[in-house]
Amino acid sequence: DLETAQKYYLRLGGGLLLYGPPGTGKTLVAQATAGEIDAQFVELSPSIIRGYPGDPEKKIEELFQNLIKAPRAVVFLDEAEALLATRDNQISTVMQRITPVLLSQFAKLSRYRFKPILVIAATNMPWMIDNAFLRPGRLDKVLYVGLPNQNDRVHLLRLFLRKRNTDCVDSNLYKEEHLRNLANRLEGYSGADIEQIVDEAALEAFNQ
């Protein structure tokens with residue numbers, strides 16, 4: 001609870017970098033985290049850099065000011081390599097202006113020690129993230145989100161098949177043994193890949 005956290009001077013918010021192959025559910029992790037703590041979920045996408053000179057910086061500052069006013073919040077940066085790119089790789093003058101603004105806003109958030117504001121960034125290319133964003137008080141926790149294992153793939157198949165019309169398919173499809181055989185054949189596939197395969201199979205059944 002807040003009182004105990006204050007007693008031990010614990011930081012309630014913080015930053016987390018999720019990295020791994022595309023389609024492994026990094027966005028879902030961020031959304032589920034917000035749901036678990038009943039927090040406002042705000043997505044900061046690369047599109048924020050669009051606009052006239054000065055507009056992106058203003059949008060970012062306003063977004064972080066509003067976050068501080070929220071009881072609790074999760075701000076999610078998808079495709080983080082586009083916004084948090086190493087300065088050596090920045091060609092755009094816009095990004096050269098954006099990076100200092102983001103670093104400044106991250107630093108401001110870290111000063112609100114007892115404010116439950118969590119910044120989650122996701123990327124397929126962690127080597128593209130500027131080291132300044134990975135320092136303590138910013139995205140100082142790094143978590144790998146990998147491809148699903150055998151049991152995960154069985155669970156995903158159940159999940160994606162559960163709303164399908166069982167009258168139109170062989171009932172054996174839903175048996176554990178059959179699901180595990182399918183999962184074996186899907187080794188190396190991401191959750192997004194498996195969902196697409198199930199969707200395509202449903203479309204093929206519909207067209208028959």
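Arginine 97 is partly exposed, with 31% relative accessible area. The structure shown above is a predicted model. Three salt bridges are found in a search of the whole structure, the count of aromatic pairs comes to four, and the second largest pocket holds about 360 Å³ of space.

- Arginine 97 forms a salt bridge with glutamate 57 through their side chains, at 2.7 Å from N to O.
- The two partners belong to distant parts of the chain: arginine 97 lies in helix α4 (residues 93-111) and glutamate 57 in helix α3 (residues 55-69), 40 residues apart.
- Glutamate 57 has a relative accessible area of 13%, so this residue is buried, the limit for that class being under 20%.
- Arginine 97, at 31%, falls in the partly exposed class.

**The salt-bridge network of Arg158, Glu176 and Arg180**

- A network of salt bridges links Arg158, Glu176 and Arg180.
- Glutamate 176 counts as partly exposed, at 35% relative accessibility.
- Arginine 158 is partly exposed, its relative accessible area being 39%.
- Arginine 180 is likewise partly exposed, with a value of 29%.

**Aromatic pairs**

- A pair of aromatic rings is described by two quantities, the distance of the centres and the angle of the planes.
- Four aromatic pairs are counted in this model.
- One of the pairs joins tyrosine 19 and tyrosine 144, whose ring centres are 5.2 Å apart and whose planes stand at 55 degrees, so the pair is classed as tilted.
- Tyrosine 19 is in strand β1 (residues 14-19) and tyrosine 144 is in strand β5 (residues 141-144), so their pairing ties together parts that are 125 residues apart in sequence.
- Tyrosine 19 is partly exposed, at 27% relative accessibility.
- Tyrosine 144 is partly exposed as well, with a relative accessible area of 48%.
- Phe64, Phe106 and Phe133 make up one aromatic cluster.

**The second largest pocket**

- The space in the second largest pocket amounts to about 360 Å³.
- This pocket is lined by 15 residues, of which Thr24, Gly25, Leu28, Leu156 and Gly191 are the closest to its centre.
- Helix α5 and helix α7 (191-207) are the elements that give two or more residues to the lining of this pocket.
- The largest share of the lining, five residues, is supplied by α5.
- By residue type, the lining of the second largest pocket divides into seven nonpolar, six polar and two charged residues.

Terms used:
Residues are numbered from 1 along each chain as its sequence is written. This is a predicted model: local features need pLDDT of at least 70, side-chain atom pairs count only at pLDDT 80 or more; totals for chains, interfaces and linings use all residues. Side-chain values use heavy atoms; hydrogens and water are left out. Rings of Phe, Tyr and Trp (its six-membered ring) pair if their centres lie within 6.5 Å; planes under 30 degrees apart count as stacked, over 60 as edge-to-face and the rest as tilted. Helices (H or I, at least four residues) and strands (E, at least two) are DSSP runs, numbered from the N terminus. Buried means under 20% relative accessible area, exposed over 50%, partly exposed in between (1.4 Å probe, protein chains only). A salt bridge is a side-chain nitrogen of Lys or Arg within 4 Å of a carboxyl oxygen of Asp or Glu. On a 1 Å grid over the protein atoms alone, a cavity is a set of points where a 1.4 Å probe fits but cannot get out, and a pocket is an open set with protein on both sides within 12 Å along at least five of seven lines; lining residues have an atom within 4 Å of a point. Grid points are joined across faces, edges and corners, and a volume is the space filled by probe spheres set on the points. Ala, Val, Leu, Ile, Met, Phe, Trp, Tyr, Cys and Pro count as nonpolar, Asp, Glu, Lys and Arg as charged, and the others, Gly among them, as polar.
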